Amino acid sequence: YNEENKTPFGYGNLSAYARHQFHNYYEIRESLAERIIDSRSEEAMVPKAFLDEKNPAEVISYHVNVGHGNCSFILIEAGNFYQLWLVDCSIVDKTDHWRSYQANIDKCLKAIKQRLGLKQQQQLHIERFFLTHAHHDHYSGVEYLVNSHLIDDRTICYVNLYYQMATNAYNKMLAALNNASAKIVEPISGNSNDGIFFLHPECRLYRSRATVKGFTGSHRIVGTPINNSSAVMMFRLGGRSMVFTGDLEQMGFEKM
């Protein structure tokens, strides 16, 4: 609302600030897209030890209290071999005066180190990071993890780069992954492999026709609510399975 001329609505996408954020978003996205890897490549495949049902791996999930948001660590152990995965990571609660939950994340990581018999100064590493969708309460902790060297150039990040949220916060998250030289896999059903199955979406998702930018492959425009752009993933590990649905709403489930 413009108090000066009593104009009730303004189209934010035409503002200089919005144009600047869109420009930054496209620039970062193109840089990240250069590091998209084949989901069936050797480096992206789930270790066979985690898929063995006769000698099942131990799978432990840690769901961290981050207020209004999500953060789930998954520890997979097969003998002395282990990996740490992460689904979403919020670190602050915008609905509660930007309250920080970093201490809870640190406490969880400390518990994981204790279970593995690691000294506190020894570094953990996140092998795979899955971002369900581009809402702040699902990604606000990513920059912290990159700065803490938990996410780096060895991490495979399952992120839809194309459903744009050209905000400063989202751009900073993408820039952090870019600066870490993280590897990227699009979380779509065609990129499922042994152990990781994407139940939704079936193709690349865009937010609007304007953001498709001439892409001619299989794609769908979701628009809003953003929740319906959520990747739904199922992990089959240690002879068991678990499903993460992001914030998919009824319309999204019907499409799936």
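Q: Where is the place of Trp98?

A: First, a caution: this is a predicted model. Trp98 sits in the loop between strand S4 (92–93) and strand S5 (99–100).

Q: What phi does Trp98 have?

A: Look for a residue that has a positive phi but is not a glycine. Trp98 is such a case, with a positive phi of about 60 degrees.

Q: Is Trp98 buried or exposed?

A: Read the relative accessible area. Over 50% counts as exposed. Trp98 has 52%, so Trp98 is exposed.

Q: What phi does His149 have, and where is the place of His149?

A: His149 is not a glycine, yet it has a positive phi of about 65 degrees. His149 lies in the loop between helix H4 (142–147) and strand S7 (156–158). Its relative accessibility is 53%, so His149 counts as exposed.

Q: Now helices. How many residues has helix H1, and what distance does it reach?

A: Compare the end-to-end distance with the expected one. Helix H1 covers residues 16–33, which is 18 residues. From its first C-alpha to its last it reaches 26 Å, close to the 26 Å expected at 1.5 Å a residue.

Q: Which residues of H1 are buried?

A: List them along the helix. They are Ala18, Gln21, Phe22, Tyr25, Tyr26, Ile28, Arg29 and Leu32.

Q: What covers the buried residues of H1?

A: The cover includes helix H5 (168–179), strand S8 (183–185) and helix H6 (209–212).

Q: How do the axes of H1 and H5 cross?

A: Take the distance and the angle together. The axes of H1 and H5 come within 10 Å and cross at roughly 20 degrees. Angles under 35 degrees count as roughly parallel. H1 and H5 are therefore roughly parallel to each other. H1 passes H5 in a left-handed crossing.

Q: Which residues in H1 and H5 meet?

A: Take each helix in turn. On the H1 side, the residues are Tyr17, Gln21, Asn24, Tyr25, Ile28, Ser31 and Leu32. On the H5 side, they are Asn168, Tyr170, Asn171, Leu174, Ala175, Leu177 and Asn178. Gln21, Tyr25, Ile28 and Leu32 are also among the buried residues of H1.

Q: Is Arg29 buried or exposed?

A: Check the number for the residue itself. Buried means under 20% relative accessible area. Arg29 is at 7%, so Arg29 counts as buried. The residue belongs to helix H1.

Q: Which residues is Arg29 in contact with, leaving aside its neighbours within four places in sequence?

A: With those neighbours set aside, Arg29 is in contact with Leu161, Tyr162 and Thr211.

Q: Is Gly223 buried or exposed?

A: Apply the cut-off again. At 15% relative accessibility, Gly223 counts as buried. Gly223 lies in the loop between strand S11 (219–221) and S12. Neighbours within four places in sequence aside, Gly223 is in contact with Tyr163, Tyr206 and Arg207.

Q: How many residues apart are Gly223 and Ile28?

A: Keep sequence distance and spatial distance separate. Gly223 and Ile28 are 195 residues apart in sequence. In space they are 21 Å apart, C-alpha to C-alpha.

Q: On to sheets. In what order do the three strands of the open sheet come?

A: Trace who pairs with whom. The order is S9-S12-S13, and the pairing is antiparallel. Strand S9 (196–200) and strand S13 (240–244) are the edge strands, since each pairs on one side only. Neighbouring strands of this sheet are turned by 20 degrees against each other on average, direction ignored.

Q: How many bridges pair S12 and S13?

A: Strand S12 (residues 232–237) and S13 pair in the antiparallel sense over five bridges. Met234 has Val243 in S13 as its bridge partner. Met233 stands opposite Phe244 in S13. In a regular strand, side chains alternate between the two faces of the sheet.

Q: What do S12 and S13 form, with how many residues between them?

A: They form a hairpin, with two residues between them. Gly238 in the turn has a positive phi of about 60 degrees.

Q: Last one. Which peptide bonds are cis?

A: Check omega. A cis peptide bond joins His200 and Pro201, with omega about 0 degrees. Pro201 is in the loop between S9 and strand S10 (204–206). The bond from Thr224 to Pro225 is also cis, with omega near 5 degrees. Pro225 lies in the loop between S11 and S12.

How values were computed:
Residues are numbered from 1 along each chain as its sequence is written. This is a predicted model: local features need pLDDT of at least 70, side-chain atom pairs count only at pLDDT 80 or more; totals for chains, interfaces and linings use all residues. Side-chain values use heavy atoms; hydrogens and water are left out. Helices (H or I, at least four residues) and strands (E, at least two) are DSSP runs, numbered from the N terminus. The expected span of a helix is 1.5 Å times one less than its number of residues. Buried means under 20% relative accessible area, exposed over 50%, partly exposed in between (1.4 Å probe, protein chains only). Contact means heavy atoms within 4.5 Å. Two strands pair if DSSP finds at least two bridges between them. Axes are lines fitted to C-alpha atoms, for helices over the stretch in contact, and angles run from 0 to 180 degrees between N-to-C directions. Angles under 35 degrees count as roughly parallel, over 145 as roughly antiparallel, 65 to 115 as roughly perpendicular and the rest as oblique. A crossing is left-handed if the near helix is turned anticlockwise from the far one by less than a right angle, and right-handed if clockwise.
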